[in-house]
Amino acid sequence: MAKATNKARILALLKRNARISAQEIADRLNITVEKANSIIKELETEGTVRGYTALISPEQETGTRAIIEVQIQPERDAGFDNIAQRICKFDEVVSAYLVSGRYDLHLEVVGNSLQDVAHFVASKLSTQPGVKSCATLFLLKKYKESGIEMDKEEGHERLKISM
């Protein structure tokens with residue numbers, strides 16, 4: 001039971017700050033650095049942790065971001081998976097989710113300009129077999145991403161331990 005608890009705690013710490021050191025994780029969780037490193041390696045090996053990323057200040061980001069909602073015709077025996085995987089191969093697509101509601105896929109795309117995003121939708125996305133319709137929403141301002149408020153200074157906070 002303690003192993004799963006440490007895994008969950010380490011995941012929470014890494015999710016909040018992917019650059020946190022194994023030493024700091026060990027200090028916060030009252031475990032050895034070797035144990036922290038071992039758990040992190042296990043999380044990476046088993047595919048729970050797929051990668052690490054940096055959240056960039058909106059003022060420093062380049063390009064135009066848009067949310068595109070896509071309505072697709074599911075394929076027999078494959079559902080939405082084949083079409084979604086094909087769409088994910090485009091460099092412009094940075095995130096893709098199957099969602100409930102009027103649209104089936106929720107994409108986040110990036111282009112150099114509004115025209116680049118519009119060109120991607122018109123020439124690449126909407127022409128894909130199975131794509132029925134698209135709605136494009138351009139992102140105007142980012143307030144929060146991955147649990148981090150963009151206009152707020154981040155402070156160091158220890159994890160609360162409850163038993």
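Phe90 and Phe120 are both buried (under 20% relative accessible area with a 1.4 Å probe on protein chains only; over 50% is exposed, and in between is partly exposed). Heads-up on the source: this is a predicted model, where local features need pLDDT of at least 70 and side-chain atom pairs count only at pLDDT 80 or more, while totals for chains, interfaces and linings use all residues. Numbering runs from 1 along each chain as its sequence is written, and side-chain values use heavy atoms, with hydrogens and water left out.

**The aromatic pair**
- Searching the whole structure turns up one aromatic pair (ring centres of Phe, Tyr or Trp, the latter by its six-membered ring, within 6.5 Å; planes under 30 degrees apart are stacked, over 60 edge-to-face, the rest tilted).
- The ring centres of Phe90 and Phe120 sit 5.5 Å apart with planes at 80°, so this one is edge-to-face.
- Phe90 is in the loop between helix 4 (81-88) and strand 2 (93-98) and Phe120 is in helix 5 (residues 114-125), so the contact ties together parts 30 residues apart in sequence (helices are DSSP runs of H or I with at least four residues, strands are E runs of at least two, both numbered from the N terminus).

**Domains**
- The protein chain is split into domain 1 (6-45) and domain 2 (64-140), with bounds from an automatic or database domain assignment.
- Taken over C-alpha atoms, the two domain centres are 35 Å apart.

**The largest pocket**
- Its volume is about 1300 Å³ (the space filled by probe spheres set on grid points, which are joined across faces, edges and corners).
- A pocket here is an open set of points on a 1 Å grid over the protein atoms alone, with protein on both sides within 12 Å along at least five of seven lines; lining residues have an atom within 4 Å of a point.
- The largest pocket has 37 lining residues, and Thr53, Ala54, Leu55, Glu145 and Ser146 lie nearest its centre.
- Helix 1 (2-16) and strand 1 (64-72) are among the elements giving two or more residues to that lining; helix 1 has the largest share, at four residues.
- Both domain 1 and domain 2 contribute lining residues, so the largest pocket lies between them.

**Cysteines**
- Zero disulfides come up in the whole structure (cysteine sulfur atoms within 2.5 Å).
- The sulfur of Cys88 is 14 Å from the closest cysteine sulfur, in Cys134, which is too far for a bond.
- Cys88 is partly exposed at 40% relative accessible area, and Cys134 is partly exposed at 26%.

Conventions: 1 Å grid on protein atoms, 1.4 Å probe; cavity = no way out; pocket = protein on both sides within 12 Å on 5 of 7 lines; lining within 4 Å.
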